[in-house]
Amino acid sequence: MVKHLQHPSQQLMLACFPKNGVYHNGPRAVQEDIFVFVAENGSSIIEAGTGVGKTAAEYAILRACQKLGYQHCFLITPNKTILTQIVNEGFEGVKVALGRNEHPCLYYDEPHKADEIPCSMLKNCPHRVDQTTGKTHEEGAIPCPYLQQKFEVMQGGVVVCTMAFYLFTHLFGKDSDGHNALVIDEAHRISDVVRNCLSYEITDFHLEKCIELLQMIEASETETLKKFLFSLKRIAKNKAKKEGVLLDPQEIQRLIAILEEIDVNDLLEKIERAVRERLIDPEKDRETLKHLEVLTRDLRRYIRSFEFSLETDQRKPLNYTCAYYTQEREGKSKIQHRLVVKCYYVAPLIRKILPDFYCAFSATIGKPDNFGFETGIRGPFLSLDSGFPVDHTRVYLPTDTPNLAVNARNKRDLTQVLRKIAKACKRLSEKGHRSLAVTISNAEREKFLMLCMEEEVDAISYGNGLTAKEAAQEFKNGKGDVLVGTAANYSEGVDLPKQIAPVIFFLRPGYPNPKDPGTIFEERRWGGQRWVLWNYRIMNQALQVRGRNIRRQSDLGVTIFISQQFRRVLFASLPEWLEKAYRNSLTLDEVLADAEKLLGG
Ligand code: SF4
């Protein structure tokens, strides 16, 4: 095998540029800039906003890598929505890999998804596809759709998959050896995706179910799990509240000591034997068996995660563990105690899954140092002009709106400014301009909706069975004058081009809740430095919100940032081409007049 593969040349990437549909005229100048940069620098970080045409460039880079002999050429995205958009481009020779939750399991008569069943415990499943040979466990059986897809993907080529799929196959599986190339789409989101994928939750309810099942097969580990459950309950009851409380080192050490008593291989063997001998019924006990599968599979990971929650002489904690005392229902039963292990410092893990050659793309990289600190991805950096005319947009920060920081605002500031926004939406709608209003908390969203009602503004939002996505779609179809939602729902993923909502109001930056265990952990871990990290996230979010209504060259759209908290970070977060659109010396009334002039009406 060749020891080291070259990164692709400019000529090769140009030759691999797609030729279908809108791409038949070849790459645009800005796409060629990407190829020149990658050819000169190899692995790169590229800031490319909407309109650059990064998807076609991403594909050309990977196709070129494939031609150079890279075995697996992955294009990874944060979620299935973006993945589907890429697949719909119809590029030649692209394979798609979806997670277990997107495939049916064929083992059961009842319909179940492949992530709802204890697959690894069902060794005799006739549909199981051997990942080395591609053959089913039983000759002639219909191949398991998930494993069949995985087998095909692992044969090589250009593969589009989610970040989660890539993470699990590369961090925990030995599924992808050889020379690989990786392009990360929306790379600013990779840290959060990895954090979510690697965070665990252990509840009293599920532990009790597992204990019952182990008791039934007379496994000696039952007693150890009972001890663990007892400790979990005591910790959660003694100190935890609804918001969760960080565990102290002694408590973590106690939990580790208990779990270390379990011999995972031995336990797995006992469970598998019980399934073979039908002591455990895979049909009747499916759910509990699934929990047991997760528990045994994750035991080592729990222990390691707990260990990473402790500080050592060499390093600060990398994870944190918190306990919750809650009152939730799971079917007919109650969950009262919950232990959550949060994977926090993921930069080293992300670095570990980067192959020799990689390109990270995002519309919002910001400062490469901060991006590298958060994601672990470092390399030569290229920031591209979006090519959008700057005079089609404005970024406003009015002078007469309040500072909405909790310790800076007056009691009535929030209500007053929300009412002003509602009135502004009304004024704009009378001129034919619809708006998007983005809040941080749900309470702010609800208050704003109430004020809209009082001001007779036709507002639409989610709730009462309507999802955020559905509400946005109804708005796009013409319902309502203002779409209202939190940043968690509408800062990304909702595109409002063609003046669907040419005005965006963004209420305030979403600094973390000081009571949240994650915030407390970051304060302890980073001290004063935490502000660099928090401001970086705030800046990214501000840019994402701003981008909702400018998706094409011809779009006209403005964003009005309300809280004076933005004054510290907003201008610094803007890419160079957008700086000319920044207006920070107008009152809100003047802002509205200026926006109306730009938008017409
Ligand atoms: S291998 Fe069998 S048990 Fe596992 S998901 Fe596929 S069909 Fe279901």
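Me: What should I keep in mind about numbering and confidence?
Reply: Residues are numbered from 1 along each chain as its sequence is written, and side-chain values use heavy atoms, with hydrogens and water left out. Since the model is predicted, local features need pLDDT of at least 70 and side-chain atom pairs count only at pLDDT 80 or more, while totals for chains, interfaces and linings use all residues.

Me: Happy with that. Which residues are around the ligand?
Reply: A residue is near a molecule if one of its heavy atoms lies within 4 Å of it. Here the residues around the ligand are Arg100, Cys105, Leu106, Tyr107, Ala114, Ile117, Cys119, Leu122, Cys125, Arg128, Cys144 and Leu147.

Me: Now to the rings. How many aromatic pairs are there?
Reply: A pair of aromatic rings is described by the distance of the centres and the angle of the planes. Rings of Phe, Tyr and Trp (its six-membered ring) pair if their centres lie within 6.5 Å; planes under 30 degrees apart count as stacked, over 60 as edge-to-face and the rest as tilted. By this rule the count is 17 aromatic pairs. One of them is edge-to-face: Phe17 with Phe35, 6.3 Å centre to centre and 70° between the planes.

Me: Where do Phe17 and Phe35 lie?
Reply: Helices (H or I, at least four residues) and strands (E, at least two) are DSSP runs, numbered from the N terminus. Phe17 is in the loop between α1 (10-15) and α2 (29-41), and Phe35 is in helix α2, so their pair ties together parts 18 residues apart in sequence.

Me: Are Phe17 and Phe35 buried or exposed?
Reply: Buried means under 20% relative accessible area, exposed over 50%, and partly exposed in between (1.4 Å probe, protein chains only). Phe17 and Phe35 are both buried. For a stacked pair, look at Tyr59 and Phe91, at 4.6 Å centre to centre with 25° between the planes. Tyr59 belongs to helix α3 (residues 54-68) and Phe91 to the loop between α4 (80-87) and β3 (94-97), so this pair ties together parts 32 residues apart in sequence. Tyr59 and Phe91 are buried as well.

Me: Which residues do ring pairs link into a cluster?
Reply: That cluster holds Phe17, Tyr23, Phe35, Tyr59 and Phe91.

Me: What lies over the face of Tyr345?
Reply: A charge sits over a ring if NZ of Lys or CZ of Arg is within 6 Å of the ring centre and within 35 degrees of the ring normal. Arg525 lies over Tyr345, 4.9 Å from the ring centre. The charged end of Arg525 also sits over the ring of Trp526, at 4.4 Å from its centre.

Me: Let's finish with the backbone. What is phi of Asn464?
Reply: Asn464 is not a glycine, yet its phi is positive, about 50°. Asn464 lies in the loop between β16 (459-460) and α17 (468-476), and at 87% relative accessibility it counts as exposed. Arg278, in the loop between α11 (264-276) and α12 (286-308), has a positive phi near 60°.
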